[in-house]
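I opened my notebook to jot down what I looked up here.

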Amino acid sequence: VSLPARVVTLVLAFLAVAAVAVFVVVHYFLGGPPTVDYTSDVTADTGATVHVVMQEDPQNTVSTHPDWVSYFIQNPKTHAWIHTTLFKVPAGSKIDMTIYGYDGCTPLRNQVFGGVSGTIGGVENVNGKPVKVINSWSGCNVAHTFSIPTLNLNVPMASPGLTANLCGTSPCTSGPHETVTFSFMSPRTTGDYFWQCRVPCGGGFVDGFGGPMQTIGFMTGNMEVVS
Amino acid sequence: MAASVAEDAQGPGQAGPNHGLRIFLIWLPVAVAADLLLYFVYGPHMPPGQMSNSAASQQFDIRVMSVLAAPVMAFVLIAGAYSLIVWRHREGDDEDGPAIFGNVRIQTTWITVTAVIVLFLAGFGTYELAWPGFAGAGAGEGPAPIWKPDGKPLEVQVIAQQWRFTYRYPQFGGFETTALVLPIGQPIQFNVTSLDVIHSFWAYQLGVKADANPGVNNVAYTTAQQTGSVTVRCAELCGLWHGAMYDYGKVVSVASFQSWAHQTETQLAAVTKILPPYATTYDPTVIPQINKAMAKAGIAGANGYYYPPNDPVQP
């Protein structure tokens, strides 16, 4: 093989490897769902109230995994539903959460997460009614949970039930659903606070949290706390 | 040529220097100093500390290993440096040294010393591990432990699940909580299990590390000797968010623990009521109440459970 051919081959091989590396960095590390910003017009560490609105659906808008259960977060300015699980809140603020539960039910793997913890007053409101515990083994009444381990926050999400004709197109705007509200204080320490669902709600993942349960943008995400 | 070079340096008829003695005399003070520093100065700060008897026992083991290892390392470094300086290649010296044949004294000394060291360490380690009144290894001993501490232990069940540990206290009504609180001075029996995949319960400052496997009760013992915070981490790669599986427990006085336990038992009574009865292991696919409801609605798996028998299905 001639020297020019060798040089060309070497250069092409180098470019191919470099292209793969750039794709991996851009697609997997720099890509991903957007962060919904709830910090506008709110000063951190003043105890001001921030309203975060989310919904959990039986499907999503991503073509690669359209049947994965998923959370959506509402943009506070445009009120558009964003397919993401990343949101940003100011530190030291009262976070009022509203989560619309459009998804069906799955029993909790560990019933201890049927108890509400970490919220102001130790309660959540399901359709306006205060609730401290939901027994997901006594009936088909829990779809997901919203849990931030480092804040010891855990809130079971009520489900419209087994026989409900669930919303079939995301983001859901109509169809049977439960409205869950609760409040908690965002920490004064800034940083990313990992949150997850504790129901094995991705069908077929009972022996482990795979698929949507471990994927940011579906059933797990980060609450970014900023000053 | 080497011999002639040496003879040139020392003069004919003179014996060569005793290199072994030289190396020994350099090595001895270095080894003694290193051992004293390691054992008495750095030793008390070695991981995992002295928060529990098992942690202190592990720290002692590491101190002993360090004291044994330091002289060996010092000897290797000193002998290497001595060789480089004294036996370095010199201009015109291109011959091999004289052949050395068997030396009974050296061989006997070598075999005897290593045999004594190995047998001593085997006996010492077994005594440390198994003798009642000591601390055990701080590791899981399986469902039927061969070593148990004296006295009645406080039972704490560690339930691992992606990606959080929860703790159940069967002697206080079986309440389950995300907070690990332990009393000082009382033997603690950790019953470690998992609800999903393989995890590992690692309470660093307590010197406890026990595998958490689904369907298995892995028992580990310790006794806390100091109050303070305990870092708990999962030490087995258990999924994408394995790194987020940690929390902080605390060791408190007996009175504080009793107060906390009774208060928590009362606070969590409503949740405790919906938990399955306390058991050493749990099968999360068997949910009697919901299985009946699901079967009635016609959506249960072929095994009659909510979760079909072909689970898990990974993508």
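Is A:Lys94 buried, partly exposed or exposed? I looked it up: A:Lys94 is partly exposed, at 27% relative accessibility.

Before going on, a note on what I'm looking at. This is a predicted model, where local features need pLDDT of at least 70, side-chain atom pairs count only at pLDDT 80 or more, and totals for chains, interfaces and linings use all residues. Residues are numbered from 1 along each chain as its sequence is written, chains are lettered from A and ligands numbered from 1 in the order in which they are written, and side-chain values use heavy atoms, with hydrogens and water left out.

**Salt bridges.** I searched the whole structure and got three salt bridges over all chains. The term means a side-chain nitrogen of Lys or Arg within 4 Å of a carboxyl oxygen of Asp or Glu.

A:Lys94 is in one of them, with A:Asp96 as its partner at 3.1 Å, N to O. A:Asp96 is buried, at 15%.

Next I checked A:Arg188, which pairs with A:Asp45, also listed at 3.1 Å, N to O. This pair links distant parts of the chain, 143 residues apart: A:Arg188 is in the loop between strand 11 (178-185) and strand 12 (191-196), and A:Asp45 in the loop between strand 1 (35-37) and strand 2 (49-57). Strands here are DSSP runs (E, at least two residues), and helices likewise (H or I, at least four), numbered from the N terminus. A:Arg188 is exposed at 60%, while A:Asp45 is partly exposed at 38%.

Then I found B:Asp196 with A:Arg109, 3.2 Å from N to O. That one crosses between chains, from the loop between strand 5 (187-194) and strand 6 (199-203) of chain B to the loop between strand 6 (94-101) and strand 7 (124-126) of chain A. B:Asp196 is buried at 6%, and A:Arg109 is buried at 6%.

**Cysteines.** How many disulfides does the structure hold? I got one over all chains, with a disulfide being a pair of cysteine sulfur atoms within 2.5 Å. A:Cys167 and A:Cys172 form it, sulfurs 1.9 Å apart. The torsion about their S-S bond is about -90°, so the disulfide is left-handed. A:Cys167 is buried at 9%, and A:Cys172 is buried at 2%. B:Cys234 is in no disulfide; the nearest cysteine sulfur, from B:Cys238, is 3.9 Å away.

Technical notes: Buried means under 20% relative accessible area, exposed over 50%, partly exposed in between (1.4 Å probe, protein chains only).
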